[in-house]
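I opened this notebook to keep track of what I look up in a structure that is new to me. The entries follow the order in which I went through them.

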Amino acid sequence: MFEKVLIANRGEVALRIHRACREMGIKTVAVHSVVDVNAMHVKLADEAVCIGPAGAKESYLNKANIISAALMTGADAIHPGYGFLSENADFADMVEAHGMVWIGPKPEMIRKMGDKVEARKLAKSFGLPVIPGSDEAVKTVLDAIQWGEALGYPVIIKAAAGGGGKGMRVVNQAEEMEMAFTLAQNEARSAFGNDDVYIEKYLAHPRHIEVQVLADNYGHAIHLGERDCSLQRNHQKILEETPSPALNAEQRQSLGKMVVDFVQKVGYSNVGTVEFLYENGQFYFMEMNTRLQVEHPITEAITGLDIVREQIRLSAGQNLDIRQEDIQFNGAAIECRINAENPDTFVPCPGKIGQWHVPGGLAVRVDSGMYAGCDVPSNYDSLVAKLIVSGRTRNGALMRLRRALGEFVIEGISTTIPLHQEIVQSPDFIDGQYDIHWLEGFINNRKG
Ligand code: ADP
């Protein structure tokens, strides 16, 4: 097992990884930008190294500085968390070239899945249903218009190198295509340095359902059930739950089996998530995320497994010693992403936190790097806390979630807690009746 792990991230995920390491007797090295010098992940780690100025490009995305910090402190592995360099195959290669272990799947697997056009092809070739769409990158407006006609409008243009909901554009009719295509290409180029885009049929009322997998280097893989991440704004997840209110046990089992089959055939190892859209009883592969995900704690809540601990073990070359039959899904869990944003306009709201009180009690978990008096810098993602609540039933989890949201005190900045409080009172949400468009409609109605 590793003796020392460098955590190439900040905020709640850096703490999450630190906690798993501490429990496993592994020392941790934090890295931080100048503005994060007083951050909680820096305070808790055994050692900390400043890797650059506030801008993420010069610090948390600064490969050379992170590698130097790892070499200087004698770390034997690097955990990238999520976001930043977590899906950067070149960085994973660099880590390995410097004799350290990358805590994640093999770089070539990150590369394969990172190109969404390639990932779609791969999924299709191994028998997974994919959303009807172009099998190759679409290079010209003319081709784009032809695809629009072939698939039938509306369609969605997506960046091959996309992520975080960026670089996506819905096109409702042929007349909009030229403009949308050019904009999507430009957006993709500036966000990802690659202007390849592809086109899919835009599904009218799907749910976003994803499956968590664990796989070792020796061909053994299991799934940990699904997460329903349909509550989104601008294609970004706001609230997630497991199990999905839309699936029964039989569907769960067959979806899980399909994903495990895929993972084994592709030769994937480590933790990963396969994302699907689900509509009219049919699953469509969307992409595979080759990293730990923000919403992993709801799966931990109902399985009792520590996914980060398993990830570290798998990366150290250990066997997956859990069989599928050992996994039990107990009750239900819900996660609210609490962002430092105005809850009506969603404009980021960085600043200094005043009072800070997190809810507690049975089956309530708060993952956060914040504390009373700390600064929320304007340079990074606006996530300030994740509230994860579970219960023996979905209804029990919901009652607990309402109670916990009511206890949360964050002063000094605006947060999205009021939005979550409204969601958990809404009849549609209570009934589990929602798709990927539901939240935007809900937000617009409450404004009007
Ligand atoms: P990213 O990697 O940027 O998160 P995804 O491919 O995972 O992008 O898509 C993010 C979200 O965008 C999905 O959860 C879904 O809400 C929406 N979306 C993507 N593709 C389609 C599609 N073909 N039809 C309808 N919605 C889609």
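The entries below go from the ligand to single residues, then to one helix and to some backbone details.

**Ground rules.** I note that this is a predicted model, in which local features need pLDDT of at least 70 and side-chain atom pairs count only at pLDDT 80 or more, while totals for chains, interfaces and linings use all residues. Residues are numbered from 1 along each chain as its sequence is written, and side-chain values use heavy atoms, with hydrogens and water left out.

**Entry 1: the ligand.** I began by asking which residues come nearest to the ligand. Of the 21 residues around the ligand, these are K158, G165, H208, Q232 and E287, where a residue counts as near if one of its heavy atoms lies within 4 Å of the molecule. By type, the shell divides into eight nonpolar, six polar and seven charged residues; here Ala, Val, Leu, Ile, Met, Phe, Trp, Tyr, Cys and Pro count as nonpolar, Asp, Glu, Lys and Arg as charged, and the others, Gly among them, as polar.

I then looked up individual atom pairs. An N or O atom in the side chain of K116 is 3.0 Å from an oxygen atom of the ligand, and a polar backbone atom of L203 is 3.0 Å from a nitrogen atom of the ligand. For H235, I found a polar side-chain atom 3.1 Å from a ligand oxygen. On its own the ligand has 550 Å² of accessible area, and the protein covers 95% of that; such areas come from the Shrake-Rupley method with a 1.4 Å probe, and for residues only the protein chains shown count as cover. The elements that give two or more residues to the shell are β6 (155–159), β8 (197–201), β12 (270–279) and β13 (282–289). Helices (H or I, at least four residues) and strands (E, at least two) are DSSP runs, numbered from the N terminus.

**Entry 2: K158.** Leaving aside neighbours within four places in sequence, the residues in contact with K158 (heavy atoms within 4.5 Å) include K116, D196, Y198 and M286.

**Entry 3: T273.** I located T273 in strand β12, where T273 counts as buried because its relative accessibility is 0%. The side chains of T273 and R227 are joined by a polar contact of 3.2 Å. Beyond the neighbours within four places in sequence, T273 is in contact with residues including E210, Q212, E287 and Q293.

**Entry 4: helix α4.** In α4 (residues 89–97) I found A89, F91, A92 and V95 buried. They lie on the same side of α4, because they cover an arc of only 160 degrees around the axis, the arc being that of the directions from the helix axis to the C-beta atoms. As a general point, an α-helix has 3.6 residues a turn, so residues three or four places apart point the same way. The buried residues of α4 pack against α3 (63–73), β4 (77–79), β5 (101–102) and α5 (107–114). At the start of α4, a side-chain oxygen of N88 reaches to within 3.2 Å of the backbone nitrogen of D90, and α4 is followed by G99, whose phi is positive, near 80 degrees.

**Entry 5: backbone details.** A cis peptide bond joins Y153 and P154, with omega about 0 degrees, and P154 is found in the loop between α7 (141–151) and β6. Another cis peptide bond joins T242 and P243, with omega about -5 degrees.

Definitions and conventions
A polar contact is a pair of N or O atoms within 3.5 Å; within protein, one must be able to donate a hydrogen and the other to accept it, and residues adjacent in sequence count only if both atoms are side-chain atoms. Buried means under 20% relative accessible area, exposed over 50%, partly exposed in between (1.4 Å probe, protein chains only).
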